[in-house]
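Q: I have a model open and want to learn how to read it. Can we go through helix packing, cores and salt bridges in turn?

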Amino acid sequence: MTPGAASAPIVAATGLQREARILAGPGVAVVAGGGDHARLEAELERLAAGARGIISIGIAGALAPGLRPGDWIVADDGADPDWAARLAARLPGARRGPILGVDAMVAEAAGKAALHRETGALAVDMETHVAARVARRHSLPFAAARAISDGADRTLPPAARVGMRPDGGMDLPAVLRALARDPRQLPALIRTGIEAERGFRALLRGHRRLGPALAGPVVDLDPA
């Protein structure tokens, strides 16, 4: 075992600062991408050298019909099989399948349906592909687990699409400006917020079930 391996953290890639606050804790280094893929990759790259694994975890949009806010998806495509199995065992009702990472928000129901047909992915986010790429580059175990925040049949209103700052924080002024331009979207915005809250609550419960190291690889302390 290399010196310091026992204390090497799990690196977690997520989108929002709220997700990062839920996931932060002993043994985990969290990066909130905020949709800035270059910054996310640079931060993951910086942390990877001292890590024992990289996980993409947080909320995501559903691509597959039938998934509802709060449902869990655990990636089986390109993931470390043991880590994925532990995630699926500890997250209640988790469904196994591909999680698609993309560079831009997929907000339209039609776009979600098209991606599901083209890729077979069950869910979509903006961090998984970046985290997987860094993990491959450093030959680190990789996993992805995402709680659904919006169903495949949902189109997000314009005000919901502008609510994330590049640092992963909430851009409330941008949301209010978008709402002022078209107040008719208020019911859809409220519905989106309620459903996203189910995703956040699932993430919080899931974090408690996974434990402080997010069910990550166990360090072998016995070199023999």
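A: Start with handedness. A crossing is left-handed if the near helix is turned anticlockwise from the far one by less than a right angle, and right-handed if clockwise. Helices (H or I, at least four residues) and strands (E, at least two) are DSSP runs, numbered from the N terminus. The crossing of helix 2 and helix 5 is right-handed. Keep in mind that this is a predicted model, where local features need pLDDT of at least 70, side-chain atom pairs count only at pLDDT 80 or more, and totals for chains, interfaces and linings use all residues. Residues are numbered from 1 along each chain as its sequence is written, and side-chain values use heavy atoms, leaving out hydrogens and water.

Q: At what angle do the axes of helix 2 and helix 5 cross?
A: Two packed helices are described by the angle between their axes and the distance between the axes. Axes are lines fitted to C-alpha atoms, for helices over the stretch in contact, and angles run from 0 to 180 degrees between N-to-C directions. Here helix 2 (residues 37-48) and helix 5 (residues 128-137) cross at roughly 35 degrees, with axes that come within 10 Å.

Q: Which residues make the contact between helix 2 and helix 5?
A: Contact means heavy atoms within 4.5 Å. Helix 2 brings His37, Leu40, Glu41, Leu44, Glu45 and Ala48. Helix 5 brings His129, Val130, Ala131, Arg133, Val134 and Arg137. Salt bridges that share partners join Glu41, Glu45, Arg133 and Arg137 into one network. A salt bridge is a side-chain nitrogen of Lys or Arg within 4 Å of a carboxyl oxygen of Asp or Glu.

Q: How many salt bridges does this rule give?
A: The count comes to 12. One of them pairs Glu43 with Arg46, the closest N and O atoms being 2.9 Å apart. Both lie in helix 2, 3 residues apart, about one turn of the helix.

Q: Is Arg46 buried or exposed?
A: Buried means under 20% relative accessible area, exposed over 50%, partly exposed in between (1.4 Å probe, protein chains only). Arg46 has 54%, so Arg46 is exposed. Glu43 has 27%, so Glu43 is partly exposed.

Q: Which salt bridges does Arg146 form?
A: Arg146 pairs with Asp125, the closest N and O atoms being 3.1 Å apart. Asp125 lies in strand 7 (residues 123-125) and Arg146 in strand 8, so this pair ties together parts 21 residues apart in sequence. Arg146 also pairs with Glu127, again with closest N and O atoms 3.1 Å apart. Glu127 sits in the loop between strand 7 and helix 5, 19 residues from Arg146. Arg146 is buried at 0%, Asp125 at 5% and Glu127 at 4%.

Q: Which residues touch the most other members of the largest nonpolar core?
A: In soluble globular proteins, nonpolar side chains tend to be buried together. A nonpolar core is a set of buried Ala, Val, Leu, Ile, Met, Phe, Trp, Tyr and Cys residues joined through side-chain atoms within 4.5 Å. The largest has 29 residues, and Leu44, Ile54, Leu67 and Ile73 touch the most other members. Helix 5 gives the most to this core, with 5 residues. A second, separate core of 25 residues includes Ala12, Leu87, Leu210 and Leu214.
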